[in-house]
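Try each one before reading its solution.

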Amino acid sequence: MMNSQFPILDRTVNGHRLVYLDNAATSLTPECVVEAIADGYRRYKANVHRGIHTLSQQATGLLEQARSRVASFINAPSADNIVFTRGTTEGINLVASTLSKSWQTGDEVVVTAMEHHSNIVPWQLAGAHLRVIPLNADGTLDLTRADELFNERTRLLAVSHVSNVLGTVNAVADLVALGHRHGVPVLVDGAQAVAHRRVDMTALDCDYYVFSAHKMYGPTGVGVLYGKSERLAAMPPYQGGGEMVDKVSFDVTTYEPAPLRFEAGTPDFIDIIALPAAIDFIEQLGFDRIGAVEQELSTRATEGLLSVEGVRLFGTAPDKDAVLSFLIGDHSSYDIGLLLDRMGIAVRTGHHCAQPLMATLGVTGTVRASFAPYNTLDDVDALIAGVRRVATMLG
């Protein structure tokens with residue numbers, strides 16, 4: 001069943017069976033989602049929210065159904081809490097650009113040392129000074145002095161749910177409580193979480209949560225920003241144009257309420273209406289099964305890689321996600337990755353858009369292998385054998 005949904009896995013690369021272990025960067029797309037995209041182009045290619053003709057009405061209805069499906073998937077109170085974006089990065093930029101309009105010079109945002117650049121740079125562009133929650137040696141957050149990072153200039157706490165480098169699963173409910181205790185909203189970057197574990201906005205109580213479809217077996221170019229109703233209602237528009245307006249004149253313009261206020265222009269509605277197919281795929285697999293498969297793969301890979309002389313693993317937090325970052329001695333991650341690619345093994349190399357974290361780890365980059373339910377123990381064994389061979393080649 002799994003291979004039939006992912007025909008790309010039947011490819012050969014450099015004369016070898018493809019072993020795709022770059023899932024933290026982007027997951028593969030099952031045939032059910034590809035068919036949903038194709039069906040949209042074949043049957044519903046008419047602009048949304050703009051026409052009274054049948055095709056436009058049908059496309060609009062499917063887009064709004066997708067909004068409701070996403071809300072249900074993350075247990076949001078309402079579909080109106082869901083803003084469609086181009087991805088996690090745009091979702092964070094949207095929040096940063098709108099909130100910062102009321103900020104002053106010297107205002108601060110608290111982040112963690114494991115953040116992706118997308119949860120660092122937008123706050124810097126907004127003019128905020130960053131204060132950083134440090135890490136423990138195992139890759140967990142050191143919260144012993146976190147309260148000291150907050151003061152009267154703190155405007156937001158922005159944290160990742162799961163580290164894209166270390167695999168650390170943060171106790172986000174505790175972090176949300178930390179931010180709220182200091183009277184500031186909390187944004188959670190869930191890009192690495194939503195395909196691997198159930199997330200619940202009502203239980204989590206965060207103010208904003210962002211993620212990308214392409215990391216959860218969905219289309220590229222689609223993302224989700226969840227926001228609490230009162231937070232979205234208080235935010236000014238992000239971009240101007242069609243759809244986000246109520247009335248326009250040369251003297252004054254009024255705007256639609258959220259979420260439409262933040263969706264200027266024609267959205268990627270074909271891919272948005274295919275997103276529920278990806279959600280259905282995840283829920284049909286079930287998070288219990290996903291977690292069990294990924295942890296089995298991760299455990300075997302960890303044990304196998306540590307058996308290779310010279311391998312260094314980064315991130316040993318308990319109950320971490322199926323993400324392994326490693327190096328062979330002091331050899332370049334790029335060299336390791338290129339040699340593995342010659343064997344058909346696709347891994348990610350470099351700083352993983354987390355240069356501050358790399359500085360904390362004392363390296364310029366790592367090799368990252370990340371797993372998904374379509375991966376197999378044969379894939380893991382191929383990785384271990386490949387790394388052992390590369391270690392021999394590099395000496």
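**Exercise 1: around helix H11**

H11 is followed by Gly344, whose phi is positive, near 85 degrees. A quick note first: this is a predicted model, where local features need pLDDT of at least 70, side-chain atom pairs count only at pLDDT 80 or more, and totals for chains, interfaces and linings use all residues. Residues are numbered from 1 along each chain as its sequence is written, and side-chain values use heavy atoms, with hydrogens and water left out.

Task: find which residues of helix H11 (residues 333–342) are buried.

Solution. 
- Step 1: go for Ser333, Ile336, Gly337, Leu339 and Leu340, which are buried (under 20% relative accessible area, 1.4 Å probe, protein chains only).
- Step 2: look down the axis of H11; the buried residues fall within an arc of 165 degrees (taken from the directions from the helix axis to the C-beta atoms), so they line one face of the helix.
- Step 3: check the start of H11, where a side-chain oxygen of Ser332 reaches to within 3.1 Å of the backbone nitrogen of Tyr334.

**Exercise 2: a helix pair**

Task: describe how helix H3 (residues 54–73) and helix H9 (residues 269–285) pack.

Solution. 
- Step 1: take the angle, about 35 degrees, and the distance between the axes, 8 Å.
- Step 2: list the contact (heavy atoms within 4.5 Å), including Leu62 and Phe73 of H3 and Ile272 and Pro276 of H9.

How values were computed. Axes are lines fitted to C-alpha atoms, for helices over the stretch in contact, and angles run from 0 to 180 degrees between N-to-C directions. Helices (H or I, at least four residues) and strands (E, at least two) are DSSP runs, numbered from the N terminus. Buried means under 20% relative accessible area, exposed over 50%, partly exposed in between (1.4 Å probe, protein chains only). A polar contact is a pair of N or O atoms within 3.5 Å; within protein, one must be able to donate a hydrogen and the other to accept it, and residues adjacent in sequence count only if both atoms are side-chain atoms.
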